[in-house]
Amino acid sequence: MSPTEGPNWLARVRGLATPREDTPPTPIPGDEAAETLDCHLDGARTTDGQRLVIHGWVAGIDTGTLFLADADRAGTPRRLDPVVTPRADVSAHLVNLGRRVTTDRHGFVATVQQDEPWPSMMRLCLVADGKASWSPAFEVKIERIPLMALLGITIAVARQCSGRMSEAVERLARPLVNQPPAPPTVVEVRVFEPPGAPVHVTPRVSVVIPFYGEGHYLLDHLVAQSRAPMDIEWIMVCDDPRLAHELTQIITSRRSAIRQTTSIVYLGANGGFAHANNIGVAHAKGRYVLLMNSDVYCRDFSFLERGVSILEQDQRTGGVGFSMQFEDGTVQHDGMTFRRVPWFDDLWASEHPRKGMPHDWPAPPESNVEAVTAALMLLRRADFADAIVFDPGYIVGDFEDADLCLRLREMGKTIALVRTDEIWHLERQSVRHIADNDGRRAITLLNCLRFNTRWDAMIERDHREQGRES
Amino acid sequence: MRVAIISHGHPAVSAGGGERAAYSLFEHLKTIPGMEPVFVARADPSEIAHDAWFGAFRGRPDELLWAPPPYDWFRRMSVSHDVLRMHVRSLVDHLRPDVVHFHHYIFFGLDVLGLFKELADCRTILTLHEYALICHHDGQMVKTRDLRLCSHASPAECHACFPEYSAGRFFLRTRLIGHQLEPVDRFVSPSKFLRDRHVAWGLDPGRISVVENLLPPGFRAPAAVAADGTRQDRIRFGFFGQLNRYKGALVLLDAVKHLPQEIADQVEIVLFGAKLEQQQQEFQDAVTRAIKDSRARVSLFGPYQHGDLPALLRGVNWMVIPSTWWENSPLVIQEARVVGVPILASNIGGMAEKVRDGVDGLHFLAGSALDLAAKIESIVSKRTSVKPVPLDLAAQNAAMLDAHLDLYGWSDARRKLAT
């Protein structure tokens, strides 16, 4: 599908996400007289040694284009796309030096990448009106920190900006994440058949459960098999190689209690929510696929019959979601709607109505909704002949479900929600391990931008037609 | 009728109340013609002393030792379900039980209940001995941080006690445990208090009966000692049980600090307390210091042989049970009642239920050394006196045994035999 046009600033962000053609400066090697740039590089941080987040200040940064170059000015300087921040302390410093100061906008943070190792001595160069001003050569001490901490820094910087936070995060954080990540290799598939049962029976439903961070949930799912219908298969996707041993140990310790065919698909690396589910679906044999998060608990499985019945009776329905509770009996999920959220620069984000309120499901027991969570979602496998259910361009497990629902709706299908008392979702308890708050927020914002880039116009149109609030 | 009594330990090896109650029941069942009980006790492999999963305690064919596979203390389940199944299969093939009566599930895992049901298709009874289904904190229902009494488990509150486990994990724990309990035909609670706690937690009240533990058939109150056989210059208050942070020995020792000296001079505290050496050093030091600094005479005798208990009880004027957790139905209360010793008991849980205030003894405010001191002062100064009527153990045991037989369906079995 083609991206739709969003507001002007969104288009601008998209433009910034791709390299711009600019004329690099043409310094004269050894031209010491050109070392006139008032600037300082405060620090440089990296996770992988290639992608650097640098920060410092440059006087007059708004007047030109900033480059980072080797100290000897050899090679092509890297054009920077800096996010500019106010630095009143730098203004005071410049005044002390006798410079004329008209703004506090001197600070900058930029993400820059190269494949080769970074040199220890570098220079900054500001090109304005065709003239290059160079800094003296300085030593750059590069600090290695975890990716999530690095992403968290981008949020901290974005908060200081006068402009849109999402724009700053797009420029600083997007280059730090692999987009989209390559699918991980399937290293092994182990199939566990129930004792004495006939093998190779075509299941009606394939339940796909990815595991990341916590493997103990597998035991709960294996115990749940005694309550589940017999014509389903379970596909557990180990999306976290650290869990492989634990998952194997759990299932091999209770082979005698397996009630339905159960596979564990071991991935060679963490591929993320989308890849893990897509790989699980690629291994599915059922006519229907039930996507389930590992931290979903089902008291019984009558919800599944209701979901299958909807898909069997109404070909226009593309996906079925289910209402779910938290462990304290409050609403975890009752369908999703979209709303522009001020904390994300008025971008569209998913809203979960009544989340956290005591559950008392509204009538009717089944209805069409804008979107549902993929934490528990029933689909027709035939609708995904290429087994690409989720877009792996989203990071970690955000917005993929909303994106999927809108793709189905774009295909002319509807999304149904089945209300039931039998399901709990202990949400975010496996994702919690992934990141600190700011790192997580940066990722959510990147996902939100991707989602809005694609769906802004369609949601806007739908809401307008249906007279909904934005 | 073949009845397997399955206990988490053999009382000759591990003398906790649950193990002793289970073994007493086994001994009583052995006295019934037509009844073929077998006692199966969990044991360490070293206690079995050969490399089989099972052994016979002192060579007795009706007292088996069993070393089950490892156990998950959080979820109360076996971590090796399939191995456990093999063990249960062996037991079922050997015992062919009509009834399996569990006295506890720790060390086995709750999945053992469903395995016996599935493989033996027998009546399944579970006696509850504390609150381990409800509470991850050693089944005590007290807060981890300050040992405050806890009256209700919820995922958020349990997470506050154990931040390393999410609220969701506690939710799943409860669900998983509930699922594992489904095969149980009948639950037995030795106290109404424990029953009510489990009903409030979610157990079907129609599936749980209150039946007191039995004391061994051989338990006898010794003849009353002549007046000069006890020390008349001091009133003896005896503590019997483990010296750990839940049993309240420090409350008793602290109470002495609050006694006027002329009262303290008339008091002797005797501690028959086990396992002090296994406690945290801080607690050991506190007990040692409290004994050393006590204003009254305090004697620490260490653990006692259970067969000596009646005589030891006869040697004290009052028994004190100052537990700061709820307790269930402490056997030592029954034993003191049989001997006719008045009891000073915390006013909570199973203790408040089993000791009738002013009849079998006196209640004091749980955890309050001041209130306990006031009660002791009142007793020593003879302002308060309680003369309990000794419990008729034979009658009580007979009634409790009948209650168990009803749960086993013994009458129906006998009728079938007769026809």
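The stops that follow cover the interface between the chains, then a sheet in each chain.

This is a predicted model, in which local features need pLDDT of at least 70 and side-chain atom pairs count only at pLDDT 80 or more, while totals for chains, interfaces and linings use all residues. Residues are numbered from 1 along each chain as its sequence is written, chains are lettered from A and ligands numbered from 1 in the order in which they are written, and side-chain values use heavy atoms, with hydrogens and water left out.

**Stop 1: the interface**

Display chain A and chain B together. Contact, meaning heavy atoms within 4.5 Å, links 21 residues of chain A with 19 residues of chain B. The two chains bury about 1800 Å² between them, 58% of it on carbon and sulfur atoms; buried area is the accessible area (1.4 Å probe) that two parts lose on being put together, summed over both.

**Stop 2: the salt bridge between the chains**

Which residue forms a salt bridge with A:Asp220? Select B:Arg75: the closest N and O atoms of this pair are 3.6 Å apart. A:Asp220 belongs to helix H5 of chain A and B:Arg75 to the loop between strand S5 (71–72) and strand S6 (77–78) of chain B, so the pair joins two chains. A salt bridge here is a side-chain nitrogen of Lys or Arg within 4 Å of a carboxyl oxygen of Asp or Glu.

Helices (H or I, at least four residues) and strands (E, at least two) are DSSP runs, numbered from the N terminus.

The interface also holds ten residue pairs in polar contact, both residues at pLDDT 80 or more. A polar contact is a pair of N or O atoms within 3.5 Å; within protein, one must be able to donate a hydrogen and the other to accept it, and residues adjacent in sequence count only if both atoms are side-chain atoms. Now colour helix H5 (residues 217–224) of chain A, which gives the most to the side of chain A that touches chain B, with four residues.

**Stop 3: the parallel sheet of chain B**

Select the six strands of the open sheet of chain B, ordered S13-S12-S11-S14-S15-S16, with parallel pairing. Two strands pair if DSSP finds at least two bridges between them. Strand S13 (297–300) and strand S16 (361–364) of chain B stand at the edges with a single partner strand each, so one side of each is left without a neighbour in the sheet.

Zoom in on strand S14 (residues 318–321) and strand S15 (residues 343–346) of chain B, which run parallel and are joined by three bridges. Here B:Ile321 has B:Ala345 in S15(B) as its bridge partner.

**Stop 4: the mixed sheet of chain A**

Turn to chain A and select its open sheet of five strands, in the order S5-S6-S2-S1-S10, where the pairing is mixed. Strand S5 (83–86) and strand S10 (142–144) of chain A are at the edges, each with a single partner strand, so one side of each is left without a neighbour in the sheet.

Finish at strand S1 (residues 39–46) and strand S2 (residues 51–58) of chain A, which run antiparallel and are joined by seven bridges. The bridge partner of A:Cys39 in S2(A) is A:Val58.
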